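Have the sequence and the 3D view ready, and let's walk through this chain together. We'll go from the whole fold down to a few residues.

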Amino acid sequence: MFRLEMADALRSRWIAFTGAVYAAIFALFIWLGLRESTVLGFTGLSRVVMSVSNAVILAVPLVSLVATSQTIVRARQSGFFELMLSQPVRRNDWFLGIVASRFVVVVGPLVVLLLLALFAGALSGTRDVTLVPMIVRSLAITSALGLAFIGIGFFISAYARSPERATVLALVAWVASTALHDFALIGALLRFKIAPVWIFALAAANPVEAARIAILGSVDPDLSVLGPVGFWLANTLGPARAFAIGVCWPALLGTVGLLGASRHLSRSDLVA
């Protein structure tokens, strides 16, 4: 099943499309970061890191939800499950195969881009010994973030009654995690007197925010790019804890979503 799903992804050029989206968004954010670094008073590296973190939290969740939110509900309506149930294939085998293929589609282009960045750094004569660990940590964080939204996407697809509803729910999940969550926290700060610990706990509950802090902390352990808030986080959590939260929490959230989708898939009627 994994081989068939990967063949379908290659035939439909999903991986090429995903890589092009990542490359375009990353290049745009990096160019904007370098262009505005002198205006905003940041150094070039700090601004680029901030821009890359913003690109990651926009691109990875969106691509993950687009690649997964239609899978189960569209297979149910198209009659694919009727054909599959007539073959000696278990539901869990199909589900594991499609989850693994979607993970490769989402994370594979990121691996290629990060390896190209490492190769470009080697060609430019960079002797920074922290470059390889930084790329490894960034890959771990982005993979965990992709797993989180792959789980959310499959959970939406398993419970949605129509492809249109699945699309709307996926869009709501993406907007809520990338934008509305920040506005909600700002509104809570303006309306109530909340201790900083609770504010940061609520922020870390969003896998996007946890991944952003982990990416920034992997490059700048002092989180100086965030100003006083960054220094408070660096002294309270430290880079090791920030990295652990940025990897473990999104991975746990994605695993729970996948388990929920698998449970519903194994017990529900697959024929619309």
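Of the 272 residues in the protein chain, 42% count as buried, where buried means under 20% relative accessible area, exposed over 50%, and partly exposed in between (1.4 Å probe, protein chains only). Keep in mind that this is a predicted model: local features need pLDDT of at least 70, side-chain atom pairs count only at pLDDT 80 or more, and totals for chains, interfaces and linings use all residues. Residues are numbered from 1 along each chain as its sequence is written, and side-chain values use heavy atoms, with hydrogens and water left out.

What about confidence? pLDDT is the predictor's own confidence in each residue, from 0 to 100. The protein chain averages 79, and 81% of the residues score at least 70. Over residues 39–44, though, pLDDT stays under 50. Where pLDDT is low, the predicted coordinates should not be read in detail.

The protein chain has 12 helices and zero strands; helices (H or I, at least four residues) and strands (E, at least two) are DSSP runs, numbered from the N terminus. Contact here means heavy atoms within 4.5 Å. Of the contacts with a separation of 6 or more, 78% are between residues 24 or more positions apart.

Now for the inside. A nonpolar core is a set of buried Ala, Val, Leu, Ile, Met, Phe, Trp, Tyr and Cys residues joined through side-chain atoms within 4.5 Å. The largest one has 44 residues, and I72, W94, F95 and F154 touch the most other members. Helix α7 (residues 131–159) gives the most to this core, with nine residues.

Is I72 buried or exposed? It counts as buried, because its relative accessibility is 0%. I72 sits in helix α4 (residues 71–78). In space, I72 and P163 are 9.1 Å apart, C-alpha to C-alpha, although 91 residues separate them in sequence.

| Residue | Touches (heavy atoms within 4.5 Å) |
|---|---|
| I72 | F81, W94, F95, F154, S157, A158 and L265 |
| W94 | M1, E5, T71, I72, F80, F81, M84, V89 and L265 |

Last stop: a helix pair. In α10, P207, A210, A211, I213, A214 and G217 meet P239, A242, F243, I245, G246, W249, P250 and L253 in α12. By class, this contact has 12 nonpolar, two polar and no charged residues; Ala, Val, Leu, Ile, Met, Phe, Trp, Tyr, Cys and Pro count as nonpolar, Asp, Glu, Lys and Arg as charged, and the others, Gly among them, as polar.

Terms used
Lists of a residue's contacts leave out its neighbours within four places in sequence.
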